[in-house]
Amino acid sequence: MTEEKKEMDLMVLLEEKRVFKPSEEFVKQTNVKKWMDEHNIKDYDELLKKSGDNPEQFWDERAKDLSSLNGYSKVMEWNPPYVKWFVGAKYNIVNDALDRHVTDGKKDKIAYIFEGEHGDVRKLTYNDLYIEVNKLANALKNLGVKKGDRISIYLPMIPELPIAMLACAKIGAIHSVVFSGFSALAFRNRVNDCESKIVITCDGFYRKGKIVDLKKQADEALENAPTVENVIVYKRTGNEVGWNEKDHWWHEIVKDMPETCETEKIDANDPLYILYTSGTTGKPKGIMHAHGGYSVGTASTLNWVFDLKENDVWWCAADIGWVTGHSYIVYGPLILGVTSVMYEGAPDYPAPDRWWSIVEKYKVSVLYTSPTAIRLFMRHGEEWVEKHDLSSLRLLGSVGEPINPEAWMWYYKYIGREKCQIMDTWWQTETGSFVISPLPITPLKPGSATKPLPGFRAEVYNEGGNPILNAGGNLVLLNPWPGMLRGLYKAPDKYMETYWKKFPDTYLAGDVARKDDDGYFWVQGRADDVLNVSGHRIGNSEVESALVSHPKTAEAAVIGKPHKVKGESLIAFVVLKEGIEPNDELRIELRDHVGKEIGKIARPDEIWFVNDVPKTRSGKIMRRVIRAKAIGAPVGDISTLANPESVEEIGRAK
Ligand code: WTA
């Protein structure tokens, strides 16, 4: 038995037996049911069957919801491992996400209701957004930005973030948004990897009542970023900032710009953005998405899964720095022309009912968040929820990590008041859109993301590449889909190796899942050396590299341990260099060092000093053995290790 297989067998998820069905009344009014009626499809099973039998035809049909994606000669061209969608179409996602709304009656509709952490509110209509985007796009052109140029965006959750993304897309430039919680060094690495010409950032933002000085971090990053020619700085907080020759205030460069700007028509398969995500090596991967397929993928899944209609108020409470925000705060909702809520700050600031006050105030009707956030609110207690009128909510969603049935039930009972179905959406930065997820008509089993959406085909494979039932295995996707990544930026070999090598022409998700007798999927977690901390993907080796870059560290092994709120917490085992004394100050120093190298989210919760870490004879650190020992699970056969005695030490350290 391989180590991997053993690990999978260990992961047995507690299964909730109850099934939650939507009411008939509710089902009748859903977008998906209307579509089924129009297409003479009688039920959910038939919908899955028909779309699964002929995905191309299905997606062709779904593309009709967009007004400007046309003129393609082929729906899909599949040259494994690369796919092109809507081949030959000249297109730009901004036409559908923004331009068309100014003439289709949505001009004065609110696109974003923004609430800052200290209570400031801005409401931007589609027309306001259109003007702001055009002005910035013109300013970018003035700075010499051309189609295909990369622009790194380092902004917090303020409306200028979507504005900057859309301005890039409008002129055919490729944006690379870097989460504002990443450190200066992590930002620098991402800027240099894609050789950005421009950086867009701001002076600072509010988090837990304090100003985070983002400009200072950007400046530090740009000390060594030779490709960057200009830096655009938005004034958010007005705090004092350092100033360099390349810097321009956002408000100054857009001041005299025209309010219109032509949207560049480009190939539907040209890149829209790069988004870096953690992989199994120390270096993050640049996931690439294109204009055409991605727009169909995001808009169509959002329309059906969250059933968004004209009067809905949608709140995807993720950060735009991650794919969830790209797809479901920016592109998907804008294409559908809905009103979204956007909140800048911490969920429990100034008190644990901040989110519920926002739901009540703006009458949010559909809320989409992560299990970590739900568990955080659970810990604070339902009394904070009960202070508010949440009757506007009609549907709920979850993303980013497996939702344990206990959190699911709490979400259902206290937030959904036993009236809202919960859409547990499984997907990845790579997939661009939801893949395995219920529709609002799907009977739910708490803790299961249910089945692949129409047009997608997923399976659970054993190591031999055969489908298996009722046992943990490799989650794979069998046919290409519109939001599928176009590859990894400048890393074609890694693309092949990571996703397509294990099973030919089949996409390997990197997750362990189980499929039950009803065809429901239970995603259990990562199969590879990637951790999921609070729904954020962090590579074990990324944190290890950060730790060993400290002058006092010789070696490090990082594992994830189950955590009540965060899903997983980071535990590091560190071997110090000869003569260095282990002590608590050094623990703090190392934690801060990781914070500087990557960002606060990657700082280990526990650091243990050991003399050695378990390794194979070829020198590979055996994280699985370390993890098993640290969480008290059976370690299995360790006779092949070069240093079996180190396992005992891990146990003692714990
Ligand atoms: C995990 C986030 C269980 C999974 C959209 C995946 C989930 C990784 C779920 C992708 C879910 C995401 N249930 N696990 N509903 N959603 N995951 O790229 O391990 O940041 O591979 O995309 O999160 O994380 P990423």
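Guide: The account below begins with the ligand and then turns to other parts of the chain.

This is a predicted model, in which local features need pLDDT of at least 70, side-chain atom pairs count only at pLDDT 80 or more, and totals for chains, interfaces and linings use all residues. Residues are numbered from 1 along each chain as its sequence is written, and side-chain values use heavy atoms, with hydrogens and water left out.

The ligand is surrounded by 17 residues, and the closest are Asp 424, Thr 425, Thr 429, Arg 526 and Arg 537. Asp 424 places a polar side-chain atom 2.7 Å from a nitrogen atom of the ligand. Thr 425 uses a backbone N or O atom, which lies 2.8 Å from a ligand nitrogen, and Glu 401 likewise has a backbone N or O atom 3.3 Å from a nitrogen atom of the ligand. Taken alone, the ligand exposes 530 Å², of which the protein buries 97%; such areas come from the Shrake-Rupley method with a 1.4 Å probe, and for residues only the protein chains shown count as cover.

Two or more residues of the shell come from each of α13 (323-336), β20 (421-425) and β25 (521-526). Helices (H or I, at least four residues) and strands (E, at least two) are DSSP runs, numbered from the N terminus. By class, the shell holds six nonpolar, six polar and five charged residues. Here Ala, Val, Leu, Ile, Met, Phe, Trp, Tyr, Cys and Pro count as nonpolar, Asp, Glu, Lys and Arg as charged, and the others, Gly among them, as polar.

Arg 354 is in helix α14 (residues 354-362). Because its relative accessibility is 7%, Arg 354 counts as buried; buried means under 20% relative accessible area, exposed over 50%, and partly exposed in between (1.4 Å probe, protein chains only). The side chain of Arg 354 reaches the backbone oxygen of Glu 117 at 2.7 Å, and a polar atom of this side chain lies 3.0 Å from the backbone oxygen of Gly 116. Not counting residues up to four places away in sequence, Arg 354 also touches others, including Tyr 343 and Tyr 349, where contact means heavy atoms within 4.5 Å.

Tyr 349 is joined to Pro 350 by a cis peptide bond, with omega about -5°. Pro 350 lies in the loop between β17 (339-343) and α14. Another cis bond runs from Pro 80 to Pro 81, with omega near 5°, and Pro 81 lies in the loop between β1 (74-79) and β2 (82-87). Most residues other than glycine have a negative phi, and most peptide bonds are trans.

Arg 417 is not a glycine, yet has a positive phi of about 50°. Arg 417 is found in the loop between α17 (405-415) and β20. With a relative accessible area of 24%, Arg 417 is partly exposed.

Note on methods
Near = heavy atom within 4 Å. Polar contact = N/O pair within 3.5 Å; in protein donor to acceptor, adjacent residues only side chain to side chain.
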